[in-house]
Amino acid sequence: MSNSAQQKNLEGYVGFANLPNQVYRKSVKRGFEFTLMVVGESGLGKSTLINSLFLTDLYSPEYPGPSHRIKKTVKVEQSKVLVKEGGVQLLLTIVDTPGFGDAVDNSDCWQPVIDHIDNKFEDYLNSESRVNRRLMPDNRVHCCLYFIAPSGHGLKPLDIEFMKRLHEKVNIIPLIAKADTMTPEEGQQFKKQIMREIQEHKIRIYEFPETDDEEEIKLVKKIKERLPLAVVGSNTIIEVDGKRVRGRQYPWGVAEVENGEHCDFTILRNMLIRTHMQDLKDVTNNVHYENYRSRKLAAVTYNGVDSNRNKGQLTKSPLAQMEEERREHVSKMKKMEMEMEQVFEMKVKEKIQKLKDSEAELQRRHEQMKRNLEAQHRELEEKRRQHEDEKAQWEAQQRQLEQQKLEASRTLEKNKKKKIF
Amino acid sequence: MAATDVDIFSNEEKRNLNLGGHVGFDSLPDQLVSKSVTQGFCFNILCVGETGIGKSTLMNTLFNTMFENEEASHYQNSVYLRPRTYDLQESNVHLKLTIVDTVGFGDQINKEDSYKPIVDYIDTQFENYLQEELKIKRSLFNYHDTRIHICLYFIAPTGHSLKSLDLVTMKKLDSKVNIIPIIAKADTISKSELHKFKIKIMSELVSNGVQIYQFPTDDEAVTEINASMNAHLPFAVVGSVDEVKVGNKTVRARQYPWGVVQVENESHCDFVKLREMLIRVNMEDLREQTHARHYELYRRCKLEEMGFKDTDPDCQPFSLQETYEAKRKEFLGDLQHKEEGMRQMFVSKVKETEAELKEKERELHDKFEQLKRLHQEEKRKVEEKRRDLEEEMNAHNRKKVAAETLALAQPLKKDKDRRN
């Protein structure tokens, strides 16, 4: 039913230009959700940064940050907060990982993180696949802020390992923590080094979407030049030049959080919250989740079936796949049946032929024996006839002889009588 | 994906926090809107009504453009659906509009099956979406959604009541699509007749249990206008693409000898109300209802038909994996069963034929034995005859010998006699 769309020009007011407003209205009514994950060793200022980003005490003495909650093993924990601004309601879920990278042996400390992300995907997949699906809460992790310690020398092996394992599951935004320990030049060097290593290891961090908008292209270019973003966070407000700003008070001055020359915090906040929050959700939904889903469903569908040829064409649903397999099986069975039939027919023919041959042979022998016997019969008959003939002849002879003898004796008798006289 | 709905279902603690300044997530709706605008929108209208009732004209009037349309004849054998897709743009909004026309509706003598092609078309669009949704590798975000968002049902302006065809058709469609009934060619009904007609239609719809689309009243921004519009249903519309000069303005209207019916004059007809409701205010809600209600219903029925369940007999929820694995096991078991069946059948066939052949073999063997016996018998007879003959010949020979011996002795006697 594909009919290519025709371009039509409107002669006057119709009104569907109001559609975006309708969408706006409905989205505000629905409210928004966002799940942000923070990962990094303890003491890198993660909680402080979150509080600064959202201008609220998400982490407080009552709700301590991950560095204050370290347990024996790496845990993944989340807390939900509801915030409202300008009529827009946001349910924010912050996921943190107390204990990450803090042990002596940190092998596999990323595993609980991977498991958490996969579990959320799994939950979503299950609720999406139910027969009765009403409400589908989206608890998938939309963004992961990865905190890099400001060593100044490059990425640590743990950093590389973590990012390599998670870059295809979640949008990773690497951040240089506690940026106020580096001078601008040190910062530049460090950033270059990190980006080089990221490229070297083929790590795919969050990429900005393609756009045709001039403004946006300029904006994105500016952000890209500053990656990875070097951030500073603060829970305290200080007065600087009559203004109240968030910052860190040092004897030698104040490092201002929202000052673009001091750190990239503003860029991060704008990008994460004000311009690309929706895109982070979309990429999670359209790319990371879909990857998870198609891998999962392919595993379920091709369970035990070696079909490398099929792996490239995952364009069917698992059920359609089963249908095709069913059809294949039916045709395979038909072929098998035909083959078996053929073999069967052949064998039967063979056997019947053999029986026929035996019968013919039997018949032939019987005929031969009959002829044999008949010959013998005839021979016997001939012999008998001969014998009879001979016998008759001899008997005739004998009779003749007898007759002769009788005549001879009679004559003798006659002569004898004649002689006497 | 409603944040507020999650409150009810999740028992995680949710803290309400106050913000100490402007964070900036109030731009989220704008971010969302800007993405949708970039993607473009799509809307699908189904027009159901008799031939010549004014469907095409109304579409042209609504969208202020000339969609090409051949005039349909009354002689279609059956109803068929004709979808046409158009790309429209108004300011920065792109709309992919599909208009589906029901050609031949109401023309046949026997209209019992008239609704079927319509229902089939709607179901097919749902099915296509469902298939895409179930694929392993899918791309829902750039899928061209062809599901019908609104069905405009054109009621003939008889002034009396709904036709039975109308009731039957709407009843079949009301659980599958949003229906807005409209009175077509409303310029043939007077105001008082129209008022009575509308009341009659609505009461007939209610008494027959037909669910038509209600403009939503849950959003404060549009509650008032939607509620008042709900009371004006069904909309009595007039369509026209002809322009007529009225006063010093040129308006779209129909020129009669007795006056000019202006399409956009609210005291002449409800066209403006229809346009407001359908396009300006509730287009997004129509799309949402189609997806969240009608499509979900279709999907639920389809999956249940295929044997999917959400919980096992112990009321434990199934995970997707379990469901598919169970299906697959069933499927493989079924295939194996078929294979077994075929083999069994074959084995029994072979056995049967073997038995037959053995039987034949035995018969042959019996025959052979019989012939052998016959032959033995014959041979014996011949032997007997031979012996008899031999005996006779021997007897004869003995006689011969005896006679010869006698003959030999005779001449002696003769000599003896002579000497005497």
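**Ground rules.** I count residues from 1 along each chain as its sequence is written, with chains lettered from A and ligands numbered from 1 in the order in which they are written. Because the model is predicted, local features need pLDDT of at least 70 and side-chain atom pairs count only at pLDDT 80 or more, while totals for chains, interfaces and linings use all residues; side-chain values use heavy atoms, leaving out hydrogens and water.

**Entry 1: the annotated domain.** I looked up chain B in UniProt first. An unreviewed entry there carries the annotation "domain: Septin-type G" for residues 39-305 of chain B. Positions are given in the numbering used here, feature names are shortened, and such annotations may be inferred rather than shown by experiment. Over that stretch, chain B is 38% helix and 22% strand, with the end C-alpha atoms 35 Å apart. Helices (H or I, at least four residues) and strands (E, at least two) are DSSP runs, numbered from the N terminus.

Entry 2: Two strands pair if DSSP finds at least two bridges between them. Inside this sheet, S3 (residues 80-90) and S4 (residues 93-103) of chain B run antiparallel and are joined by eleven bridges. I noted Tyr80(B), whose bridge partner in S4(B) is Val103(B).

**Entry 3: the other sheet.** I then found an open sheet of seven strands in the order S7(A)-S6(A)-S5(A)-S2(A)-S4(A)-S3(A)-S1(B), also with mixed pairing. Here the edges are S7 (229-230) of chain A and S1 (14-16) of chain B. Strands S2 (residues 32-39) and S5 (residues 143-148) of chain A run parallel, with four bridges between them. Met37(A) stands opposite Cys144(A) in S5(A).

**Entry 4: a hairpin.** S8 (residues 243-246) and S9 (residues 249-256) of chain B pair in the antiparallel sense over four bridges. They form a hairpin with two residues between them, and Gly247(B) in the turn has a positive phi of about 65 degrees.

Chain B and chain A share 17 salt bridges, each a side-chain nitrogen of Lys or Arg within 4 Å of a carboxyl oxygen of Asp or Glu. One salt bridge I looked at is Lys26(A) with Glu288(B), at 3.6 Å from N to O. Lys26(A) lies in helix H1 (residues 19-30) of chain A and Glu288(B) in helix H9 (residues 283-305) of chain B, so the pair joins two chains.

**Entry 5: cis bonds.** The peptide bond from Leu227(A) to Pro228(A) is cis, with omega near -10 degrees. In chain B, the bond from Leu233(B) to Pro234(B) is cis, with omega near -10 degrees.
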